[in-house]
Amino acid sequence: MKNKNRDNMNTKLNIKKLLLPVIIGAALVGGQVFGAERAKLPVPKISDLPDLKAQQVHNLSCRRVSSFFTRSHYKEIELNKDFAKKVLDSYLYENDRFHSLFTEDEINEIYSHTQDVSAAMNFCRLEYPYALYEKVLRRKFERLSFYLKVLEKPVKLDSNESMYNDRSKVPYPKNRAELEDLWQKLVTNDIIKLMLNDKTEEKAKEFLKKRYTSQLRLITESKNEDAFSAFENAFAHAIDPHTSYLSPDDSIKFMDEMSLAMEGIGAMLTKDDDYVKIVSLVPGSPAELSKKLKPNDYIVGIKQHESGKNNQMVDVVGMRLEDVVPMVKGKKGSKVTLEIQRDNNGNVTTFTVDLIRDRIRLEESAAKGTIKEINGRKVGVLTVKSFYINLWKDIEKELLNLRKQNVEAIVLDLRYNGGGALNEALLSTGLFIDNDAFVQVRDGVGNVAVKGDTIPGTAYDGPLVVLTNRLSASASEIMAAALQDLGRAVIVGDTTFGKGTVQQSRPLDRIFDYNSDPLGSIHYTIAKFYRINGGSTQIKGVQPDIMFPKQISYDLVGEKNEPNALEWDMIGSVSYKATDLSSDIKKLTAKHDDRIKGNEFFKDVERAEAKFWDEYNKNSISLNLEKRRAQKKADDAESLAVINRNLKETGKPEISNLKDLPNKYEPFDAYLDESARIALDLADLQKK
């Protein structure tokens, strides 16, 4: 048994951008009017937009945010004109990422205010940040008002026109005429998306009228804190993607969300333009166990099931994230229905998912050992979904159970593991190898601490394969890198996320703020991780020894795609002895390559990857309804064939329609299966 002091340095992925976990119970927000009921109110006028101004508390918060970011952040910054431009880059990335609000001339006018942005950061002169936020609100109001006018006229659905699927890669409209032409196309696309999911044109227009009206009402409910938060987070994200400002209300929510015991569905949400997007699913939660939800799904509607009430599906597109969250959260045992929109390069599907909220404890995502049999041979599979406190004890227990069952090798599955406590990564790695150096941590002034295993003994010393994917991050990258650098394991799968930074949280309040309102808090980067060979896990992540076919769109996911991510670099290596696995890896790779030539599941992945990039590089989506219907029919047929191959492999009957997909459908895990086969090959090599 190992017994070590715990290092509480938290490396959990996605603290940034206030990604709100919908996993705790909370009282309903008093006085809020949601969805369809909001749409019943009179259509707002532009004169209803609020007059926003900085409050005294914002000036105090501003000064402290600037002080922390310039003095305590890992990255040294200077609040000059060049940095002010980066802040505006960040602001527009968050507020007009798809170039649908402003024209080229208007964008140039915004960038002419770098001096005002510098004054806001250096001297907390907040007039321009508030003026800019009001400019954004006014233009969003104009856009939605234009949308409503479009719905009053016939919309052409049989044209040969198209639009960019990802407008972030194209220039801003040159003038107002081009901007309004884009708005017309966006409405047409909204109508087509609804009609592809069994709505008539009339019903689609009626639905969108309610949605756009509701969004107009939401804009008029903007608050002073919204304008301040928008600017301070643009400031934070211009430094690095994991640095952020939290308002007083959001700070309270964040602290609640760190509680071990939580109630809800277990989904991590963020705002993406007008949509609420699922970022990740909590292991063992109702959302994950449903097997129907995926990261990057959009929640477009929510239906409560409360006794004695007229529960209807509420359209939540355009609603504030903080208003959506209380609708999704709820008491254990209560039911909620989510309407989900899934978009694969224009092929949009909409479906509903019924979930029973539950009490979620982090222990429910505990490490789990299972047995996988291949041709009568046993391989142990150890699944680790996060690095929670006392994880190493659970791993030790599971390893003991697997050894008792005489497994020939073990696969350590770190896929989708977003990280957690650094010390747990060290303790857990120490169960597989003895070494006093696993990782290096460097702070902002250059001090380097070497951390590793200090207790003799291991819990398992047999053949070991580590399976990673693009969403293996932070602490899981530390563990995979250490086992790779020391030659203890063969890493297979995909290159990891590349998050090699450490964050900490600090409240802005001080004990002598007797008469001040709450000030909120900040999260900011304080250190970077480095491998024992001196290379950083930042950006590059951990590259597998044996690369599997990449799963769809993973090249668009990772730290390298985050604006202003800290760069990769190196420091000095530490002294260590490693086992040379290069010869074994060559032999394992040859066997792997030969084996997957006829593997239909890997071929499915390669076909999907090729199709995705073909569509992605076109960056074009048709605005012809019949062409879109034909594309959807072809895509559905292809998906049906893939699903039926999976059902057949798992011994379940095939289906004739996607709507007949069984509840809790789980595809055959070809990646885990191949990892287990590689583990047996490794066992054979090591026996020799």
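Biologist: How many cavities of 30 Å³ or more does a search of the whole structure find?
Modeller: Please keep in mind that this is a predicted model. When the whole structure is searched for cavities of 30 Å³ or more, the number found is 1.

Biologist: Which residues that line the largest cavity are the closest to its centre?
Modeller: The largest cavity has a volume of about 60 Å³, and its lining divides by class into 5 nonpolar, 4 polar and 2 charged residues. Of the 11 residues in that lining, the closest to the centre are Asn-469, Gly-493, Asp-494, Gln-551 and Tyr-671.

Biologist: How are H17 and H19 oriented to each other, and what is the handedness of their crossing?
Modeller: Helix H17, residues 600-618, packs against helix H19, residues 670-687, with the axes 9 Å apart and at an angle of about 130°. That angle makes H17 oblique to H19. As for handedness, the crossing of H17 and H19 is left-handed.

Biologist: Why are H3 and H4 described as oblique to each other?
Modeller: The axes of helix H3, residues 81-95, and helix H4, residues 104-111, come within 10 Å and cross at roughly 135°. An angle over 145 degrees would count as roughly antiparallel, so H3 and H4, crossing at roughly 135°, are oblique.

Definitions and conventions: Residues numbered from 1 in each chain as written. Predicted model: local features only at pLDDT ≥ 70, side-chain atom pairs only at ≥ 80, totals over all residues. Heavy atoms only, no water. Axes fitted to C-alpha atoms, helices over the stretch in contact; angles between N-to-C directions. Helix = DSSP H or I, 4+ residues; strand = E, 2+ residues; numbered from the N terminus. Parallel < 35°, antiparallel > 145°, perpendicular 65-115°, else oblique. Left-handed = near helix turned anticlockwise from the far one by under 90°. 1 Å grid on protein atoms, 1.4 Å probe; cavity = no way out; pocket = protein on both sides within 12 Å on 5 of 7 lines; lining within 4 Å. Points joined across faces, edges and corners; volume = space filled by probe spheres on them. Nonpolar A, V, L, I, M, F, W, Y, C, P; charged D, E, K, R; others polar.
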